[in-house]
Amino acid sequence: MNTTKKNTNNENDVFNIRNTAKKFLDHWKVYLLSVIIFIGLGILFIMAVTPMYKINAEILVQDQDSRTTGTSFLSTPAMASFGDLLGIQSNVYNEVAILQSKDILNQVVRGMNLNIRYFRDDGLRNTELYIKTPFLVNFIPKNDSTIGTTFDLDFKNLAEKGRFKVDMSNDLIDTSFTASFNDTIQTPIGKLYFTRTGIPIQDVPYQLQIISPDAMIAQLVLNLVIEITNTNTTVINISYNSNLPLKGQDIVKRIIYEYTKRNLTEKNRISDSSLAFINSRVNIVNQELNEIELQLQNFKQNNQIADLSEQAKVLIDNSSDYNQKLNAIEVQLNIANATLKYIEDDQTNKRPVPSVLSTDPIYVALVSKYNELVAQRDRASLTIAENNPIIKNIDIQIANTRADLIKNIKSQIQGFRTSEDQLKAENGLITTMVRNVPVQERQFVSLTREQNVKQALYLYLLQKKEETSITEASNIPSANTIQTPKSDYQPYFPKMPLILGASFILGLLVPAGIMTLKDILHNRIESRDDITDLTDTSILAEIGHNRGDSLLSLKEEGRSILAEQFRVLRTNMDFITGETKCPKILLTSSLSGEGKSFIAVNLSQLYAYSGKRVLIMELDLRKPHISNMLGIKNEKGFSNYMVVDNTARVNDYIKPVKTMENVYIMTSGPVPPNPAELLMRPKITEMFDYLSTQFDVIIIDTAPIGIVIDAQILAKHTTVNLFIIRERYTYKNSLHLVNGLTEEKRFANVYLVINDVKRGASYKYGYGYGYGYGYGYGHGSTNGAGYYDVKKKKRLKNLFRKKTVN
């Protein structure tokens with residue numbers, strides 16, 4: 001097995017599930033507090049933020065082909081492809097563009113006074129008022145570019161003084177003044193006129209906001225979505241976001257109303273044009289008819305004519321057929337000339353032509369085509385620039401149709417004049433016959449005939465006027481509302497379950513992120529899992545944190561958790577050494593201060609407590625510590641023995657430890673200049689052979705293996721080698737050193753001992769005893785990790801564990 005590769009992969013596995021669970025248990029109070037804080041912030045956010053509602057409506061647009069019988073200029077395949085190339089959209093997309101146009105939105109803003117908003121201070125937020133506002137404001141701006149201005153209203157003195165205070169502020173002005181209801185107030189941005197609505201004024205601050213209509217239109221555009229959800233239908237969906245459901249519904253209703261109104265106005269343009277033409281002709285013919293009737297009346301009065309002579313009756317009867325035909329021709333000729341003049345006067349080609357001239361199918365078809373092209377150009381100009389080829393194509397078709405129409409009218413006029421000449425010629429014969437009739441009667445006949453012509457023309461125009469009015473009254477909008485504006489019952493923002501769920505997750509993620517970042521940045525061993533992730537070397541025991549002196553007092557703390565841990569270490573050592581006579585146990589570490597001397601002394605004490613003779617060898621020749629810990633002078637020791645001649649007795653350099661029975665010590669002696677060379681002398685082998693006959697256990701405290709080579713030299717004389725790791729002190733990369741030494745077989749029989757372990761909520765000792773197993777003891781810590789002090793019996797609390805150095 002490639003241990004190095006495995007260790008490298010495991011070191012990068014930061015989000016280990018087991019570690020995460022244990023860290024959660026160790027810091028459950030932090031997570032609980034964080035969750036409570038974030039959920040509280042989420043609730044405050046829900047209470048403080050203004051809820052937003054979505055208002056939806058749908059309108060059905062009739063297809064253009066179903067509303068016109070003419071031929072569209074885009075109806076042919078070639079022109080349809082040309083339209084697609086230039087980005088021409090179908091009729092329903094044009095209607096979407098109209099609904100979104102600023103003209104429609106401007107009518108909505110001005111019609112509903114949306115640029116004036118009312119607010120009430122409700123503590124956490126300002127609540128906008130719509131229907132239930134206690135006052136209204138009529139605002140007349142100085143100009144259209146009104147600067148957004150806020151008016152803070154204080155009504156505290158209203159009942160006493162009849163006036164209220166107004167604080168006005170914007171980017172340029174910050175001033176205060178008093179005002180009263182039903183009075184005109186002059187301000188730098190325009191005139192204000194406050195009126196009461198009958199709703200009581202509460203004892204809270206109110207606020208009035210006035211912005212320009214253009215700024216309000218921009219806000220509408222941001223909250224308004226008009227789209228076609230299904231391309232197979234002509235249904236337009238209108239969606240609007242509003243903080244007030246009723247106000248949002250009214251806005252969407254007004255948008256649909258203004259759109260429908262504009263649609264009807266566009267459809268009535270042709271009828272209105274025809275009515276205007278007919279009305280103008282009716283006025284003229286009526287005036288002419290009145291003049292003829294007045295002349296006829298004066299003629300009868302002046303000539304005292306009561307009855308026509310029998311001759312006049314006969315002549316009139318004979319010429320009645322010709323007169324009727326001539327009257328009809330003159331009516332048609334009159335209308336044809338007026339229509340021709342109407343068309344020739346319209347140089348812009350943008351005015352519809354009335355179809356009141358005749359029932360000639362060619363003329364009717366040309367008029368229908370011309371009016372349809374004019375309407376198509378108006379619709380296309382909403383979304384296409386004037387220089388667009390499509391617009392130019394329509395203009396060409398209009399010009400050609402106009403020329404054909406003029407030519408047709410002139411042809412009809414020529415036909416009418418020919419018919420008139422024929423009728424006059426035939427009527428001339430009758431005129432010759434009445435030459436002998438008195439002049440008065442002939443004048444009377446002439447006036448009567450002219451009266452009949454004008455009267456017939458007048459009645460004809462009145463008939464066409466009624467027909468056109470009926471046509472206009474029958475016009476309906478091209479869009480129908482199939483879903484009236486309706487607000488959702490629940491606001492889409494904020495969503496309480498989502499925010500509370502996100503707050504809960506953030507409450508867990510924030511402390512987890514802090515701890516994970518701490519783990520990433522912290523390169524020291526924090527727990528047993530850090531060790532097992534980085535090495536396969538067995539962990540022999542775990543020693544808890546000792547808050548007091550380095551030595552355990554077995555009389556006072558013999559049943560403490562810490563004493564039990566050392567007993568576990570001793571038992572595990574017995575299992576490893578088996579029947580070995582006088583096992584030699586070496587203790588080393590990666591750095592100084594990891595507790596090897598502390599473990600060596602207390603392990604010796606536990607061995608001696610079981611009746612064994614124990615020798616402690618202080619072979620950390622560079623920085624000896626045990627002799628100082630036990631209060632023993634270090635005047636001579638191992639270094640002295642190694643440099644004297646072979647006649648020296650090793651027993652002369654061994655001293656008993658007075659405070660511990662059956663425990664002896666060979667101190668290091670003076671620090672030699674060459675410790676490594678001193679440990680490599682053959683004499684040391686003889687020394688260990690002799691000491692093995694004198695003691696039951698030899699415990700060797702040596703220099704850190706991560707710094708010097710002393711431990712590797714002594715390893716060939718030892719039975720078991722213990723590598724001491726101290727939590728939150730030993731670097732993680734020191735385990736790479738252990739892996740390298742074991743893989744290269746330069747350091748055999750290596751076991752790990754974890755020192756200074758601090759208990760967390762997820763911590764369990766590995767010797768089978770749980771807390772509360774009849775002891776009632778614990779082991780304490782000066783910084784307290786949530787467990788009990790042995791002497792004070794006082795619970796010490798700390799949310800985050802900190803590094804503690806003995």
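This is a predicted model: local features need pLDDT of at least 70, side-chain atom pairs count only at pLDDT 80 or more; totals for chains, interfaces and linings use all residues.
For helix H3 (residues 28-48) and helix H15 (residues 496-521), the axes come within 8 Å and cross at roughly 145°.

Which residues make this contact? On the side of H3, they are Val30, Tyr31, Ser34, Val35, Phe38, Ile39, Gly42, Ile43, Phe45 and Ile46. Sorted by class, the contact of H3 with H15 holds 18 nonpolar and 4 polar residues, and no charged residues.

The second element to consider is a sheet. Strands of a sheet pair through backbone hydrogen bonds, in either a parallel or an antiparallel manner. Here, 4 strands form an open sheet in the order S11-S12-S1-S13, and their pairing is antiparallel. At the edges lie strand S11 (224-227) and strand S13 (479-487), each of which pairs on one side only. From one strand to the next, the twist averages 15°.

One pairing may be followed in detail. S11 and strand S12 (residues 235-242) are joined in the antiparallel sense over 4 bridges. Within S12, Tyr240 is the bridge partner of Leu224.

A helix also packs on this sheet: helix H9 (residues 245-267) touches strand S1 (53-61), S11, S12 and S13. The direction of H9 makes about 20° with that of S1.

Conventions
Residues are numbered from 1 along each chain as its sequence is written. Side-chain values use heavy atoms; hydrogens and water are left out. Axes are lines fitted to C-alpha atoms, for helices over the stretch in contact, and angles run from 0 to 180 degrees between N-to-C directions. Helices (H or I, at least four residues) and strands (E, at least two) are DSSP runs, numbered from the N terminus. Contact means heavy atoms within 4.5 Å. Ala, Val, Leu, Ile, Met, Phe, Trp, Tyr, Cys and Pro count as nonpolar, Asp, Glu, Lys and Arg as charged, and the others, Gly among them, as polar. Two strands pair if DSSP finds at least two bridges between them.
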